[in-house]
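Please keep both in view while reading.

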Amino acid sequence: ASVGYDDFLFLDGSIRKDWSSTADSQDNGVLTLGASGSFVFSNFIPKNNIFTFGKLRAGFAQAPQFPNVYQTSEIYNTGLAYGTFPTSSTQSIPNNPNLKGGIREEKEYGIDLKFFNNRLSFDVSYFDRTDKELPSSLSLDASTGITGALGNTGIQTYKGFEVAFGGTPIRTNNFERTISANFATLEREVVAIAPGITRNIIQSGNSNMGNVQLVEQVGEEWGAIYGSRIARDANGKAKLTSTGTYVRELGVFLGNVLPDYTGGLTTSFVYKNLSLDLGFDFQEGGKYYSVSNSLINRTGVGIATVGDNDLGNPKRDNVVSTTGVNSPTTTILNSIVAPNSGGVLVEGVDSVTGLDVAYRMNTRTYYGNNLRQITEPFLEDASYIKWRTVRLGYTFNKKELGKTPFEKINVALYANNLWLI
């Protein structure tokens, strides 16, 4: 239902119920509500050449979120045939016949402002969203015989600001320049996971990926990255074993996947029938684990695995000592290394004595074993600036199209994802 009063006050409301066949057949309906209102306060300001339009708005909305298909029913996965016999297996995450729909609830408050006969505009909003009892999966140790369980128990909150700006700084008979930009923040907190559970592993990697884990933990920001890093002494020096291998600290918090803020900018130039549009995106903050960098380095195809070492020799050459060692697979103390030796210099302190020590390690061991088991070296900053799109177009008008049945035709060349800075 919608109602308006004197072209300045508007109210909207809704109530609906949704059913889904993917939820528990005895409890597969979700009732949701929605309401919004706006107040056009510019109607009470005398008309002028500066301020054109102003509106305050607020809204409340609920939306149902139902389970995915087959999450309430037992199914079997078809595998490779064993000879002439077909094979099948149960799901690694068992079905839950009591799984039902949950509710996503959001409140939003904002203000719209326009100036100079709509040549300049601002839109600012604040949102507060809660996901409550949505169908979700909890990870379990594989030693239980399954890898997870389905339920309706979690609560998460999302809060943030969104700011949009638009303007037309230049407008003549033949030329127009427009520009728009947006900026957004997000805080996502884990309020509850399940009774008795305060930590859930969303995704995890094996020892080849430094045992990296994407984690949600009650009372903390969603998307925490845990993994391994090089153990260091009070002076920041790496701790080394007697074979030159880094000592690892396991289960360490290393960052979060969520950015501090995101945004974008678009601009267009129109000269007569010719137009040029440009679009850019940016993100500041957040981290991610680069599986590709880890893989190419431990398999020897990464750029870091080639080139000269600190001695000026190819690092892939054999490790050579002054005592007669000449091997592609060995590690020696750097104090006995020969001037023509290959390998990588590994410096730090002895993990037992705390004394300074240095080793010359062959490249294969260093990248294929020493580093691959550590998360930290392959954790990357997710900040970026991206030239997202460019579009060059020309519009043929009615006059140019002559007796064709078309009013106008626009022909354009465009490209996407041109440059990631």
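How exposed is Ala 61, as judged by its relative accessible area? The model under discussion is predicted. In this model, Ala 61 has a relative accessible area of 39% and is therefore classed as partly exposed.

## Residues brought together across the sequence

Ala 61 belongs to strand E4, which covers residues 51–65. Along the chain, Ala 61 and Arg 104 are 43 residues apart, and their C-alpha atoms are separated by 8.2 Å.

A second pair of this kind involves Gly 342, a residue of the loop between strand E24 (331–333) and strand E25 (344–350). Gly 342 and Lys 315 are 27 residues apart in sequence, while the distance between their C-alpha atoms is 4.5 Å. Gly 342 is buried, because its relative accessible area is 0%.

## Salt bridges

How many salt bridges does a search of the whole structure find? The search finds 12. One of the pairs is formed by Asp 131 and Arg 129, whose side chains meet at 3.7 Å, N to O. Asp 131 is buried, with a relative accessible area of 6%. Arg 129 also counts as buried, since its relative accessibility is 19% and the limit for this class is under 20%.

Arg 229 forms a salt bridge with Glu 249, and the closest N and O atoms of this pair are 3.5 Å apart. The pair links distant parts of the chain: Arg 229 is in strand E16 (residues 224–230) and Glu 249 in strand E18, 20 residues apart. Arg 229 counts as partly exposed at 30% relative accessibility, and Glu 249 is partly exposed with a relative accessible area of 28%.

Another salt bridge joins Arg 388 to Asp 281, with 2.9 Å between the closest N and O atoms. Arg 388 lies in strand E28 (residues 384–396) and Asp 281 in strand E20 (residues 274–284), so this pair ties together parts that are 107 residues apart in sequence. Here the two partners fall into separate classes of accessibility: Arg 388 is partly exposed at 29%, whereas Asp 281 counts as buried at 18%.

## A buried threonine and its contact

Is Thr 267 buried or exposed? Thr 267 counts as buried, because its relative accessibility is 8%. This residue is found in strand E19. The side chain of Thr 267 reaches the backbone oxygen of Thr 178, at a distance of 2.8 Å.

## Patches on the surface

Which residues gather in a patch of negative charge on the surface? The patch consists of Glu 187, Glu 189, Glu 221, Asp 260, Glu 284 and Asp 381. Asp 260 is located in the loop between strand E18 (248–256) and strand E19 (261–271).

A nonpolar patch is also present on the surface, formed by Val 124, Phe 161, Val 163 and Phe 183. Together these residues have about 300 Å² of accessible area. Phe 183 is part of strand E12, which covers residues 175–184. With a relative accessible area of 34%, Phe 183 is partly exposed.

## Two asparagines with positive phi

Asn 118 is a residue other than glycine, and its phi is positive, near 70 degrees. The place of Asn 118 is in the loop between strand E7 (102–115) and strand E8 (120–132). Its relative accessible area is 47%, so Asn 118 is partly exposed.

Asn 417 is not a glycine either, yet its phi is positive at about 55 degrees. In contrast to the loop position of Asn 118, Asn 417 lies in strand E29, residues 409–420. Asn 417 counts as exposed because its relative accessibility is 53%, and the exposed class is over 50%.

Conventions:
Residues numbered from 1 in each chain as written. Predicted model: local features only at pLDDT ≥ 70, side-chain atom pairs only at ≥ 80, totals over all residues. Heavy atoms only, no water. Patch = residues over 30% accessible without salt bridge, like charges linked within 9 Å, V, L, I, M, F, W, Y side chains within 5 Å. Areas by Shrake-Rupley, 256 points an atom, 1.4 Å probe, with all protein chains shown as cover. Salt bridge = Lys/Arg side-chain N within 4 Å of Asp/Glu carboxyl O. Lys, Arg positive; Asp, Glu negative; His and termini not counted. Charge placed at Lys NZ, Arg CZ, Asp CG, Glu CD. Helix = DSSP H or I, 4+ residues; strand = E, 2+ residues; numbered from the N terminus. Buried < 20%, exposed > 50% of the residue type's maximum accessible area, 1.4 Å probe, protein only. Polar contact = N/O pair within 3.5 Å; in protein donor to acceptor, adjacent residues only side chain to side chain.
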